[in-house]
Amino acid sequence: MSNTRRLSGRKIAVLAADGFEKVELVVPLRALQLAGAKADIVSLRKGRIRGVNLHMPASRVGVDKVVSDTDPDAYDGLLLPGGFINPDLLRQSAAAREFVRAFDRSGKPIVTLCHGPWVLASAGLLAGRTLTSWPGIRDDLVNAGATWLDREVVRDRNLVTSRGPQDLRAFLPAMLDIF
């Protein structure tokens, strides 16, 4: 069975800032495009944002839209890549927190991995939810009201989460499925 074009007509917002883990943005983005989805890179500012490979600088990607000027209603789903710096910058932005809340309010799918769930915690979305993440932020998520599981992928209603790059093989099909 081919996944080609099964997301044709779907629009996905990829919310990211400087310091995103490159493989966690580039690999899911490519999978979305191969499945026929249109994806926009939404960030805190115009221009280009720099990825990282662990803690080493990686290539940049162009920003399609600035979060404060972007309507969440224009999208069918949200991808929040991880990395350490990226979600820390996003969680400090009121516009980014509200953007994420809008997806959750409307029940649209949100997929995230690694440190990405930090943004969900800061947006106040984790009370009573079950998810996974990079193990280093487990306490933050539990303190925000979540149940944390050490699994490759966890799906809870409109939310799909993974621990990190080591789980991409399980994360990608779950992402495509929920979108």
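Seven residues line the largest cavity of this predicted model: Asp104, Ile110, Leu120, Leu125, Leu126, Arg129 and Leu159. A cavity here is a set of points, on a 1 Å grid over the protein atoms alone, where a 1.4 Å probe fits but cannot get out, and a lining residue has an atom within 4 Å of a point. The space in this cavity is about 30 Å³, where volume is the space filled by probe spheres set on the points, with grid points joined across faces, edges and corners. A search of the whole structure finds one cavity of 30 Å³ or more. By class, the lining has five nonpolar, no polar and two charged residues. In this scheme Ala, Val, Leu, Ile, Met, Phe, Trp, Tyr, Cys and Pro count as nonpolar, Asp, Glu, Lys and Arg as charged, and the others, Gly among them, as polar.

A word on conventions. Residues are numbered from 1 along each chain as its sequence is written, and side-chain values use heavy atoms, with hydrogens and water left out. As the model is predicted, local features need pLDDT of at least 70 and side-chain atom pairs count only at pLDDT 80 or more, while totals for chains, interfaces and linings use all residues.

I turn now to the sheets. Seven strands form an open sheet with mixed pairing, in the order S6-S3-S1-S7-S8-S12-S11. Strand S6 (65–66) and S11 stand at the edges, each with a single partner strand, so one side of each is left without a neighbour in the sheet. Strands (E, at least two residues) and helices (H or I, at least four) are DSSP runs, numbered from the N terminus; two strands pair if DSSP finds at least two bridges between them.

Valine 154 stands opposite threonine 161 in S12. Strand S11 has a covered face, Val154 and Asp156, and an uncovered one, Val153 and Arg155. In a regular strand, side chains alternate between the two faces of the sheet. S11 and S12 form a hairpin with two residues between them, and arginine 157 in the turn has a positive phi of about 50 degrees. Is arginine 157 buried or exposed? Arginine 157 is exposed, with a relative accessible area of 59%; exposed means over 50%, buried under 20%, and partly exposed in between, using a 1.4 Å probe and protein chains only.

A second open sheet has three strands in the order S2-S4-S5, again with mixed pairing. Its edge strands are strand S2 (20–21) and strand S5 (56–62), each pairing on one side only. Two bridges join S2 to strand S4 (residues 48–53), and these run parallel. Phenylalanine 20 stands opposite glycine 51 in S4. In the loop between S4 and S5 lies leucine 54, whose phi, near 60 degrees, is a positive value in a residue other than glycine. Leucine 54 is exposed, at 67% relative accessible area.

The largest nonpolar core has 29 residues, of which Leu25, Leu32, Val111, Phe171, Met175 and Phe179 touch the most other members. A nonpolar core is a set of buried Ala, Val, Leu, Ile, Met, Phe, Trp, Tyr and Cys residues joined through side-chain atoms within 4.5 Å. Two or more residues each come from strand S1 (11–15), helix H1 (22–34), strand S3 (38–43), strand S8 (110–113) and helix H6 (168–178). Which element gives the most to this core? H6 does, with seven residues. A second, separate core of 27 residues includes Ile110, Leu131, Ile137 and Leu141.

In H6, the buried residues are Leu168, Phe171, Leu172, Ala174, Met175, Leu176 and Ile178. Their cover includes H1, strand S7 (77–80), S8, S11 and S12.

Leaving aside neighbours within four places in sequence, leucine 25 is in contact with Val14, Ala16, Phe20, Ile41, Val61 and Pro81, contact meaning heavy atoms within 4.5 Å. Leucine 15 is found in strand S1 and, at 0% relative accessibility, counts as buried. Leucine 15 and isoleucine 41 are 26 residues apart in sequence, and 6.1 Å apart in space, C-alpha to C-alpha.

Notes. On a 1 Å grid over the protein atoms alone, a cavity is a set of points where a 1.4 Å probe fits but cannot get out, and a pocket is an open set with protein on both sides within 12 Å along at least five of seven lines; lining residues have an atom within 4 Å of a point.
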